[in-house]
Amino acid sequence: MKFGTLAIHAGQEPDSATGAVMTPIYQTSTYAQKSPGVHQGYEYSRTDNPTRTAYQACVAALENAKHGLAFSSGLAAMDCILHTLRPGDHVVACDDVYGGTFRIFDKVYRKLGIEFTSVDLSDLSKAKAAFTPKTKMLWMESPTNPMLKILDIAALSQMARAHGAISVVDNTFLSPYFQKPLDLGADIAVHSVTKYINGHSDVVGGVLATSNTALYEELKFYQNACGAVPAPMDCFLVLRGLKTLHVRMEQHAKNAMEIARYLEAHPRVERVIYPGLESHPQHALARKQMSGFGGMITFFIKGGLSEARTFLEKVEIFTLAESLGGVESLIEHPAIMTHASIPAETRKQLGIHDNLIRISTGIEDVSDLLADLKQALG
Ligand SMILES: Cc1ncc(COP(=O)(O)O)c(C=O)c1O
């Protein structure tokens with residue numbers, strides 16, 4: 001079946017008890033057993049819950065994976081993956097990751113004896129040089145956040161495999177609609193569901209997908225043992241969001257392309273970064289490994305913090321807020337907001353300057369969005 005059909009139906013049969021077309025919210029913590037150990041596949045909702053089972057199966061189908069596991073946040077999903085490491089293990093990670101990803105590496109797992117090397121993975125020779133005999137994991141985010149660099153997932157996953165390391169792709173920015181990391185050779189795709197997968201800015205959640213059954217068993221053990229699972233109501237909301245993922249992603253990308261072109265031609269804009277623009281340094285790679293360019297745009301306004309601040313105070317339809325991937329357009333200042341947990345010196349090296357602005361293009365009528373940008377830039 002094609003993506004749009006899977007988004008609506010995968011993992012979701014009409015309810016066997018009542019015929020309900022929508023998967024019920026199984027708002028229960030426990031399940032009756034006929035005799036000790038004799039039950040219908042469900043014992044306790046941290047371990048398994050039918051609403052979560054449907055959601056996990058749907059995401060697995062969309063990522064072209066055998067297995068899915070859902071969590072109470074994107075970071076909880078990442079935490080589960082990082083639990084597979086042991087003290088002394090080494091991780092090669094892209095230098096331009098989401099601030100919270102950097103924080104869990106640097107402030108949580110480093111303390112537990114895991115080593116991390118941050119490297120510009122868009123340069124394959126630098127990537128190769130970063131591997132050591134202790135490297136057990138390669139962590140990618142593509143497009144990166146907020147600089148929207150594109151990583152060659154196929155080449156990097158192959159490199160990881162050659163070194164006996166697991167490859168992980170944070171696929172939050174594109175969703176499985178525009179990019180399927182497992183098809184490109186990665187072992188795990190992970191998402192902040194809070195973003196495009198749920199898509200309505202009303203759930204915090206995370207999910208991962210893999211086709212490696214042994215790895216899945218280990219991750220499922222940690223999901224249950226550590227317990228950061230989503231509530232049944234959140235699973236239901238994400239299932240509902242998933243049903244329009246393909247429609248939303250098309251509109252996000254269409255609007256983003258128009259906005260990126262508008263900004264690129266604007267005299268008050270220094271530079272625009274959007275993978276769909278021919279001016280993007282990795283536009284060709286983006287075309288090759290992604291089936292669409294997504295809704296995220298980064299741009300440098302001419303001037304510094306004061307110009308950025310004035311502009312951000314003037315927008316009316318765009319909401320000044322952290323997060324991304326919802327139906328509504330959001331705008332933010334990475335240096336002060338989403339990436340504040342990255343040391344100032346590192347931010348500077350990465351190019352996250354005070355005049356950098358990040359847009360999460362929503363699916364409103366694009367003419368209204370363009371008019372809002374025009375008045376705020378004016
Ligand atoms: C690319 C990316 N990965 C992971 C996360 C973390 O997800 P969550 O906030 O759902 O824990 C975020 C959050 O902004 C993100 O942007």
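Modeller: Happy to. Let's begin with strand β2 (residues 90–94): four of its five residues are buried, so this strand is largely enclosed by the rest of the structure. Here "buried" means that 20 or more other C-beta atoms lie within 10 Å of a residue's own, while "exposed" means 12 or fewer and "partly exposed" is in between, with the C-beta atoms placed from the backbone. Strands are DSSP runs of E with at least two residues, helices are runs of H or I with at least four, and both are numbered from the N terminus. Two points of reading before we go on. Residue numbers start from 1 along each chain as its sequence is written. The model is predicted, so local features need a pLDDT of at least 70 and side-chain atom pairs count only at pLDDT 80 or more, whereas totals for chains, interfaces and linings use all residues.

Leaving aside residues up to four places away in sequence, Cys-94 touches Leu-121, Trp-139, Met-140, Glu-141, Thr-144 and Leu-151. Touching, or contact, means that the C-beta atoms of two residues, placed from the backbone, lie within 7 Å. Cys-94 and Thr-117 are 23 residues apart in sequence, yet 8.3 Å apart in space from C-alpha to C-alpha.

Next, the partner strand. β2 pairs with β3 in the parallel sense, over five bridges; two strands are said to pair if DSSP finds at least two bridges between them. In this pairing, Ala-93 is opposite Ser-118 in β3. As a general point, side chains in a regular strand alternate between the two faces of the sheet.

Stepping back, seven strands make up an open sheet with mixed pairing, in the order β1-β7-β6-β5-β4-β2-β3. Its edges are β1 (67–71) and β3 (115–119), each with a single partner strand, so each has one side left without a neighbour in the sheet. From one strand to the next, the twist averages 20°. Helix α2 (residues 50–62) packs on this sheet and touches β1 and β7 (206–210), with its direction at about 125° to that of β1. For such angles, axes are lines fitted to C-alpha atoms, for helices over the stretch in contact, and the values run from 0 to 180 degrees between N-to-C directions. Elsewhere in the sheet, strand β5 (residues 166–170) and strand β6 (residues 188–192) pair in the parallel sense over three bridges, and Val-168 stands opposite Ile-188 in β6.

Now for the wider layout. The protein chain is divided into domain 1 (3–242) and domain 2 (245–377), bounds that come from an automatic or database domain assignment. Their C-alpha centres lie 26 Å apart. Across the boundary, 34 residues of domain 1 are in contact with 34 residues of domain 2. On the domain 1 side, two or more residues come from each of α1 (3–9), α4 (99–109), α6 (153–162) and α7 (175–178). The largest share, four residues, is given by α4.

Finally, a second sheet for comparison: five strands form an open sheet in the order β8-β9-β12-β11-β10, again with mixed pairing. β8 (269–273) and β10 (319–320) stand at its edges with a single partner strand each, so one side of each has no neighbour in the sheet. In β9, five of the six residues are buried, so this strand is largely enclosed by the rest of the structure. β9 runs antiparallel to β8, joined by four bridges, and antiparallel to β12, joined by five.
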